[in-house]
Every structure is written in structure tokens, then in C-alpha cells.
Amino acid sequence: MKIIKGSNDGLISIAQFKELADVHARNCVSIYIPTSRAGEQVDKGQDQKRLKNQLKDLQARWTEMGFKDNEIQHKIRPLEDLLGNSHFWRNQSDGLALLMQDDNALYIYTLPLAFQPVLLVSDHFYLKPLIPFFNDDGTYYILALSLQEIKLFECSRHFITEIFIEDLTPEKLEDAVGYDFREKNLQYRSGQGGDAGAMYHGHGSGKNDKDQEIEKFFRAVDTGLMRIMKEEKAPLILACVERYHALYSKITKYANVFESFVGGNPEQYDPVLLHEKSWELVKEYFRDQRKQKATRLQHLSAKGSTSYDIGEILPAALDGLIDTLFIQVHADQYGLYDPEERSIIKGTDQRPPNASLFNMAAVHTLKNGGRVFIAEPEEMPFEETDINALFRY
């Protein structure tokens, strides 16, 4: 069996989420448990005990489904192997997601999410618990701007990835203005009369020449960046000294340069610190999007553009017609969906052939470019509802 671990210390990207959403197999196992980063819970093996209990339930579930004991032992072995891996358990976050695709692959994600214990066996993965990882999140860019180094990063709340742009932009000022560039230092030549007779020569003070060269450099950088970012609309945060922020903001053709910036010389920041400082600036921008979507959903409720009926929402999600979906954090509805009749048959429990209808709606909304927010009851746009949708039409 192939073991697939999340990138960046076990995290999951939206691209990986969509790949998991496309998995359909006879025996897809979804296990979620809360875990501990350190302390007594780790020392006493509490996290392993939680997984061991889930595996007992999984064995019972497979027995009910008609699998023989030797088949069950074969299928469960990759999960049982984790129980004795002390290094694995000492490197956990707040929650562990284990998604096993029959005998083909085991996906392992350690995430900063405090999961409720979940065990589901179906013909697809149960991915709803992963969605809060993407809440109040989105893509933004960092441009680290100095005269000696230019770097571009693509970021989200949990990731920072460098985009290599050496073939698009000059790496430093000398590349844009010529290698004969040098500081226009004032030269002093003494004359009669002490200070009154002091004379300076050169190209004036040198300030105007240098400013022009810096502007030429920034224009060359911007021209290169626009070759790959002209269609982008995500925020661009500059990491530079205040003077360069004002100059680059004035000359750039990028439409969404963030007003706030990471100050100082970016050459002194490693990517982790740069990411931390930039997220503090941009996080309210993404949180505001949730509030704006909730407000819009409320305002459009009288125009037939919204719904809180899973019977209406699920077909719309499958058709890619949902702009935004809110799901109450502890709510779910199980049952069957009939694609021919475009109707649902509500079930009473989680067992096959029933599936999570909320999970299905959320996954297809995300796959089709919509936004999904897992919300506390008081954050739902419509009170005392479990699921709210804003349609695209």
C-alpha cells in the first residue's frame, strides 16, 4: 500500500483536497481523532488509544459488511502499524486525519484542527472535517523588494511557497541599470576660506540620479511580474522599506497591492518569519470575506437566490451553481441521492449505503470553485438552520 503524507509537516492543500474528493472506491475509510502536541497525553499514549478504539470499531464494521477475518487483518495492518510508531505520535498537531482507499493508499494529515472522533466507511472519503482548515483563508502574494534581491512568494494561511522568477525580472538593481552603477558619493576638494571655500563636484547631490535608477529597476521588476500575474486579483503584500513601498505602489500595474506592508529589509527575514508577519496583515481581509458573504446571503434571501433546504442545495452543488455554502459545525444529514430524479432519500444513520449529504454538497461546492464555511450556530446567516447556500444565479 502506498503511504501518502501531507506536505509541509502533514498539512493539506486545496489541490490535494480536490484529488481526495475525486476518489471513489468500494472501501474508503475516513478516520479523524483529536491529538496532542506534547505533555501528559503524549507521554501516556492517549492518542494511540483513541486510534486503537477506532480500529476496533472499524473491524466490527468490516465484519458486518461481510469481510472475513484474514481480509480484515490484511486491510487494517497499515493502520495498526502506526500504533507502535513513537516518533509519529510525538510529532502530532491538534488533529489526525487518516483516509484509506481500500488496499491502494493511506493518506495521513496532521492538522491544527481539534477533530471530533469520526469513523466512516463508504465509497468515497468523508472530507467535511477538513474544510475548516480552509476557512477564512485564500491566496495572497508577497513581493520581497530590495536593491540586492527580488523574491516572490505565493501564500495562504498555512503555506508559503517561493515562485522562482529569475528569468522574468532583474535580480538586483545593477541588472537593470548596468554593472557600472555605483553610489554617487559627494567628493570634497578643499579650497581657500575653510568651509566657505569647500567645493563639491559630481552629478549634483546624486539623489535624483539614484531615485531614477531605483524607479527604472522597479519598473523592470514589475514588467516581469505582470507577465505571470496580470490575471491575478489576490492581494500582493510588499516586504520592503517604507520608501520602496510608496515608490513601487505608484509605478506597478498590479491592481491589488495591499496598503499595509512588511517593513524593513526583507533580506533579513527567513520565509517563515515573512509568512508570519504578512498573515497578521492580511488575515482580516479574508475574515471579512466570510462576513460579506453572510450579509449578501441575508440580503438576497427574498429573491430566490438562497436556500437552507438540502434537497435544493445538493443538486445545485453537483451542477456547480453554489457561490457560497455555510454549514453548521456539528450538523450533518445522512441519506442517499438519486441523480436521475435529482432528489434525496434521508437516512437515519451513517452506515452504508447512506452517505453524508452535507459532505457531498460541501465537496462539490469547493470542487466547482465556490466557498464553504464551517460555522458555529451563532455565525450561520439564518438562525436555527444547519446549512445555508447562496446560488450563483
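Colleague: Why is C240 called buried?

Modeller: Its relative accessible area is 0%, and buried means under 20%, with exposed over 50% and partly exposed in between (1.4 Å probe, protein chains only), so C240 counts as buried. Keep in mind that this is a predicted model, where local features need pLDDT of at least 70, side-chain atom pairs count only at pLDDT 80 or more, and totals for chains, interfaces and linings use all residues. Numbering runs from 1 along each chain as its sequence is written, and side-chain values use heavy atoms, leaving out hydrogens and water.

Colleague: What makes C155 buried?

Modeller: C155 has 3% relative accessibility, so it is buried too.

Colleague: How do you know that C240 is in no disulfide?

Modeller: A disulfide is a pair of cysteine sulfur atoms within 2.5 Å. For C240, the nearest cysteine sulfur is that of C155, 15 Å away, and the count comes to 0 disulfides.

Colleague: What puts the buried residues of α2 on the same side?

Modeller: In helix α2 (residues 14-21), they are Q16, F17, L20 and A21. They share a side of α2 because their arc around the axis is only 145°, taken over the directions from the helix axis to the C-beta atoms.

Colleague: Why are β3 and β4 called paired?

Modeller: Pairing takes at least two bridges found by DSSP, and 7 bridges join β3 (residues 95-101) to β4 (residues 105-111), running antiparallel. One of the bridges links Q101 with A105 in β4.

Terms used: Helix = DSSP H or I, 4+ residues; strand = E, 2+ residues; numbered from the N terminus.
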